[in-house]
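User: I would like a close look at one part of this model, taken chain by chain where that helps. Please keep the account plain and connected.

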Amino acid sequence: MNILEILSYGFIQRALIAGTLIAILCSVLGVFLVLRRLSLIGDGLAHITFGSTAIALAFKFYAAASLLVSLPIVLLSSLGILKLTEKARLNGDTAIGIVSSVGIAVGITLASVSGGYNVDLLSYLFGNILSISQEEVWIALALFILVIVLLALFFNDLLASTFNEELAKISGINTRVINAVLVMLTALSVVLAMKLVGIMLISSLLILPAASAQQLARSFRSCILLSALQGGLSVVIGICLSFAANLPTSATIVLINLLCFAGSCMIRHVLQNNDN
Amino acid sequence: MAEEIVAANMLTCRYHEGYVLRDITFSARQGDYIGIVGPNGSGKSTLIQALLGLKPVCSGSATLFGKPCSSFDQWGKVGYLPQSLHLFNPSFPATVAEVVSLGLLSTKKFPRRLTQHDRQIVDVILESLGIYDIRSKLIGELSGGQQQRVLLARALVNEPELLILDEPTAALDPDTRHKFYHLISELNQLQGITILLVTHDTGVIGEYASRMLYLDTRMLFYGTFDDFCHSPEMSALFGEHSQHLMCHRH
């Protein structure tokens, strides 16, 4: 099967468009999260999304409608993680652990009460990008534009508070607002990315492109661009390769990202040796 | 009379374990160079953080440029250089120019855009501090002394009237440390920038500062280094024979 044949399928086209947009979002936000040592927040929010999807499915909201149930719950939970970190004097990883285990517990309980696991809920565990609907593509596009506009508006504030929060405060930046903006943008992206790679693998889209870019970037802007490039390309290649070779799509995307990370580490090692 | 830049009046801070600062009263006017010394845990950094609004004040008051620190918003007038150790993630992928340009955000309103003119301002400060050649290097790839110069450039890029330094040379070797303090002294004398310096090095205060504030939770002394050398507080703190050891360089 050649590439043009693969691209002629409607579900592949939808997967490529939505997948690339979501992967770019996750990769860009991932740079800020990794540098703030908040990489696992994606995992925590994915678990909350699982719980909220179980709520949506229990009330018979399917596909795009389930996104609209999940979004407010996950957004509030992301702020809850921040509050727990600030008020309960907990480390970020502890707060993420608390919120994510509650999310999974709610999901499992509701799935059990509402008649057991169904195909829709399981697709959120491992992702099912090839089943993305036209409505979900439009939602992904709208949220992509929203997140990119907000990122552009807050870019320097985010950079300053990621570099050093104390110095950012003394530059007149309201770091509480900036932290809230970052976790809410992450929450939006995680809800979207659930269908792409699922709960189990969502962290890879947030962490691996950013970690690879960090190996090679020669400036902050180049780090963002490299991360976005890897994220987007990994989805395009992953979808085509998995379809052609009959492999699970989400796992293929993750493995491509892993290969890119290994390659970046090797290139950095070679460059450092040449410098010395 | 020169403008009052910083003032603390009976400033008191306490946390769970008790008082960290108690009844601190002092002021700094434009062009002053004040050295803040004291043993570990004496509240030096807490005083700085309370003045910058980073730590809450329990009682008393503190002002910057005549405004209460808690509601102060003219951050373009203030440059701050914290201890370089643990200041940032060493693998942070930002260039020297990017880090220094962040100092200009204090003069901007949302959305804080940096212009071509801002980039020229950054180049000027990098050149004046002798680090223009490394402007494209990543900050994590620099030596401790170079990193400290970059952070000083970040603190100075918005032409502050007050420069606050919290143990800025803790990670530097003696030669780099001497050059650094000489540079700060020039900024104070040539540009009239008010300096608040937290340090463990009383010799630096004797050499450069116009006044010294000795803290040990409470304010034990505030005056010139000469006065300190001849004060009963000096003998009480360091013993009868300490004067020669501490003040001979002055």
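What percentage of the 250 residues of chain B count as buried?

Analyst: The model is predicted. Of the 250 residues in chain B, 42% count as buried. The overall dimensions of the chain fit with a globule: a compact one of 250 residues would have a radius of gyration near 18 Å, and chain B has 18 Å, so the two agree. Along the principal axes, the C-alpha atoms of chain B fill a box of roughly 55 × 40 × 40 Å. Among the contacts in chain B with a separation of 6 or more, 65% are between residues 24 or more positions apart. The chain contains 9 helices and 10 strands.

Strands β1 (residues 4-15) and β2 (residues 18-29) of chain B run antiparallel and are joined by 8 bridges. Together β1(B) and β2(B) make a hairpin, with 2 residues between them. B:Tyr15 has B:Gly18 in β2(B) as its bridge partner.

B:Thr217 sits in the loop between β9 (211-216) and β10 (218-223) of chain B. B:Thr217 is buried, since 21 other C-beta atoms lie within 10 Å and the cut-off is 20 or more.

Another backbone feature of chain B is a cis peptide bond, from B:Phe110 to B:Pro111, with omega near -10 degrees. B:Pro111 belongs to the loop between α2 and α3 (116-128) of chain B.

The contact between the chains takes 24 residues from chain B and 21 residues from chain A. On the side of chain B that touches chain A, β6 (78-81) and α2 (96-101) each supply at least two residues. By class, that side of chain B has 17 nonpolar, 4 polar and 3 charged residues.

The largest nonpolar core has 158 residues, and those that touch the most other members are A:Ile22, A:Ala193, A:Ile202 and B:Val100. Helix α9 (residues 175-216) of chain A gives the largest share of this core, 23 residues. Leaving aside residues up to four places away in sequence, A:Ala193 touches A:Ile22, A:Cys26, A:Ile202 and A:Leu205. In soluble globular proteins, nonpolar side chains tend to be buried together.

After α10(A) comes A:Asn246, with a positive phi near 55 degrees. Helix α11 (residues 249-275) of chain A includes A:Gln272, which is exposed because 9 other C-beta atoms lie within 10 Å. A:Gln272 and A:Lys83 are 189 residues apart along the chain, and their C-alpha atoms are separated by 41 Å.

Notes
Residues numbered from 1 in each chain as written. Chains lettered and ligands numbered in written order. Predicted model: local features only at pLDDT ≥ 70, side-chain atom pairs only at ≥ 80, totals over all residues. Core = buried A, V, L, I, M, F, W, Y, C linked by C-beta atoms within 7 Å. Buried ≥ 20, exposed ≤ 12 C-beta atoms within 10 Å, placed from the backbone. Helix = DSSP H or I, 4+ residues; strand = E, 2+ residues; numbered from the N terminus. Contact = placed C-beta atoms within 7 Å. Nonpolar A, V, L, I, M, F, W, Y, C, P; charged D, E, K, R; others polar. Pairing = 2+ DSSP bridges. Rg over C-alpha atoms; globule rule 2.2 N^0.38 Å.
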